[in-house]
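Please walk through this structure by way of its charged side chains and then a part of its surface.

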Amino acid sequence: MLFYSLQETLLLVAAAIAIDWAAGDPKWLTHPVILIGRLIARLERKLRPEGVELSAAALRKRGMALTAVTVLAAAAATWAICFAAARIHPWLGYAASAWLVSTTMAVKGLKDAAMLVFRPLAAGKLDEARTYAGYIVSRDTSAMEAKDAARAAVETVAENTVDAFLSPLLFALLGAAPLAMLYRAANTLDSMVGYKNERYAHFGWASARFDDALNYIPARLCGGLMAAAAWATPGLSAARAIRAVRQFARLHPSPNSGIPESAAAGALGIELGGRNVYFGRVSERARMGWPLRPIEPADIVRTIRLLYMVSLFCFAGVLAAWLLLRLSAS
C-alpha cells in the first residue's frame, strides 16, 4: 500500500507548491488535465450518443456516472503511478507524488495567462488583449472595451485562486496526489460539462454540484486568506475585502466564486461583475465591490500579487506545520 505520514505529506505539498511556482506546466509534457479532458470527451460520446433522445432523468443518471467514473479513474491512475514509482525507489515515489500534486495547481499558469491580457492592454493593443482574454473566459470578448478585458482577467485570477490553488492544496493535504487529482478531475468536469445551457443543464448537473461541494470550504477559507494577503500588500485594503465578502459574495450565481471575487474587488477598491455576453446572450452579473476608481490594466497585476501572497502564506504554513511536527517528534 502507499500511505504517507503527515510529515511526509506536508513536505510533498510544500515541494509541489515550489515546483508550480518555478516550472508551472511545461509544454513538452502531456498535462494530466489534458488526459482527463480526453477521458471526459470519450465518456460523453459513449453516455450520450449523437441522435439519441434521452429524458432529463436519464441524462442526470448518465451525468452522475460520468462524474463518478472520471474522478475515480483519475484518483486510481494517480495512485498506481505513485505506487509503481515508490516500488522502484521511495524517493522516486516522493518525486512522482510531488510532481503530480504540482500539476493540480496552476499559480504560475494563471499568472502567465493573465499577463498575456495585461501586456497588450498596457501597450494599447486592444484586439490582442481581447484574443487572450478569450482564452481564459467563456464570455464573448470580440467587442470588449479595455476595462472589460481587464475585468475578465481580474475575475479569472480571483476566482481561480480557489480552483487553481487552494482547493487542490487542501485535498493534497488530506490525501496526497490521488485526492488532489480527484479534485482536479472534478474541476475539469465542471469546466467541460457544468454549464446551465440546453445541452448540459441535466447531463452536467452532477459534475457542477460535485465541484461546488468540493470548493465550498476552500472558497470560504480563501476569503480570509485574500484579506490577509491584502493586508500584506501595499495599497490594498484588508478591511474593505472583508466587508465586500459580507455584502456581495452571496449575490454571485455561484455559491463559491463570489467570495474570492468580492474579496479581490474590495481589496482593490474596484467593482467587478456587470454586463457580460455569453453565446450571443447578454447576462447582467451581480456587481461586487465599490467603484472607488475605474478598473485599469494594472489591477490584473495587483490581483496576481494577491494570488501569490495567498500561495506564499500557505507555503509558509505548510512548512511551519512540518517543522513543528519534526521538532515535537525529536
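Glu271 counts as partly exposed because its relative accessibility is 26%, where partly exposed lies between buried, under 20% relative accessible area, and exposed, over 50% (1.4 Å probe, protein chains only). The model is a predicted one, in which local features need pLDDT of at least 70 and side-chain atom pairs count only at pLDDT 80 or more, while totals for chains, interfaces and linings use all residues. Residues are numbered from 1 along each chain as its sequence is written, and side-chain values use heavy atoms, with hydrogens and water left out.

The side chain of Glu271 meets that of Arg287 in a salt bridge of 3.2 Å, N to O, the term standing for a side-chain nitrogen of Lys or Arg within 4 Å of a carboxyl oxygen of Asp or Glu. Since Arg287 lies in strand β2 (residues 281-288) and Glu271 in the loop between α10 (258-268) and β1 (272-278), the pair ties together parts that are 16 residues apart in sequence; helices (H or I, at least four residues) and strands (E, at least two) are DSSP runs, numbered from the N terminus. Arg287, partly exposed with a relative accessible area of 40%, also forms a salt bridge with Glu284, whose closest N and O atoms are 2.9 Å apart.

The structure holds 17 salt bridges. In helix α7 (residues 146-193), Asp148 and Arg151 lie three residues apart, about one turn of the helix, and form a salt bridge with closest N and O atoms 3.8 Å apart. Both Asp148 and Arg151 are buried, and they belong to a network of salt bridges that also links Arg139, Glu145, Lys147 and Glu155.
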